Amino acid sequence: MKINGSDIRPGYVVEHDGKLWAAVKTAHVKPGKGGAFNQVELKNLIDGTKLNERFRASESVERVHLDLKDYQFLYEEGDNLVFMDNESYEQLELQKDFVGERSAFLQDGMKVTVQSYESRPIGISLPDQVTLTVAEADPVVKGQTAASSYKPAITETGCASWCRPSSAPASASWWTRTRSPTSAARTDAFHARPTPRRVSAGFRFR
């Protein structure tokens, strides 16, 4: 569907210069001289590169609608991740690099949504929250209960994170992924209230 360049909004997927791009940020600019334009930050859906482009109202671009389909994560095989179509039961193999660091959150049977364009997978969405078991952590320190004191931990999926001092291996905590695919916000399952915010090792605590 053709749309005016000035109508591009964040979240839109457009075809530009023969490639697929997602609009990350947009800003309508009206300079002192010349006509107004839409300053758009684009992200390539295939290789992740970014591009800043100006679109005027007189320009038109093709807005692309992606096909969304639910899959179930089955298992990992070498450098591939195997998923199953919940309707046809056909299996889909995706490379780990395609999923990126988010693969550390995948669990057996997890429901994911794969975005495709012309039958080609170009994106994948995981649940906002996952519950993982602490597999490795430093010994519990008696009396160390301060909310601001956290120790490094490794989850059952191999994800490096932090846990509260009283957490021991085999204890469960839940993580909330942030908008950034390479970071995650974590709230300890044992806390009734969110923990103080802290930034460390790519994870944001709430």
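A: Start with burial: buried means under 20% relative accessible area, exposed means over 50%, and partly exposed lies in between (1.4 Å probe, protein chains only). This is a predicted model, in which local features need pLDDT of at least 70, side-chain atom pairs count only at pLDDT 80 or more, and totals for chains, interfaces and linings use all residues. Residues are numbered from 1 along each chain as its sequence is written, and side-chain values use heavy atoms, with hydrogens and water left out.

Q: Is Ala23 buried or exposed?

A: Ala23 has a relative accessible area of 5%, so it is buried. Ala23 belongs to strand β3; helices (H or I, at least four residues) and strands (E, at least two) are DSSP runs, numbered from the N terminus.

Q: Which residues does Ala23 touch?

A: Contact means heavy atoms within 4.5 Å. Not counting residues up to four places away in sequence, Ala23 touches Ile8, Arg9, Pro10, Gly11, Tyr12, Val40, Glu41 and Leu42. Between Ala23 and Arg9 the C-alpha to C-alpha distance is 6.6 Å, while they are 14 residues apart in sequence.

Q: Where is Tyr89?

A: Tyr89 lies in the loop between β8 (80-85) and β9 (91-95). Tyr89 is not a glycine either, yet has a positive phi of about 65°. Its relative accessible area is 57%, so Tyr89 is exposed.
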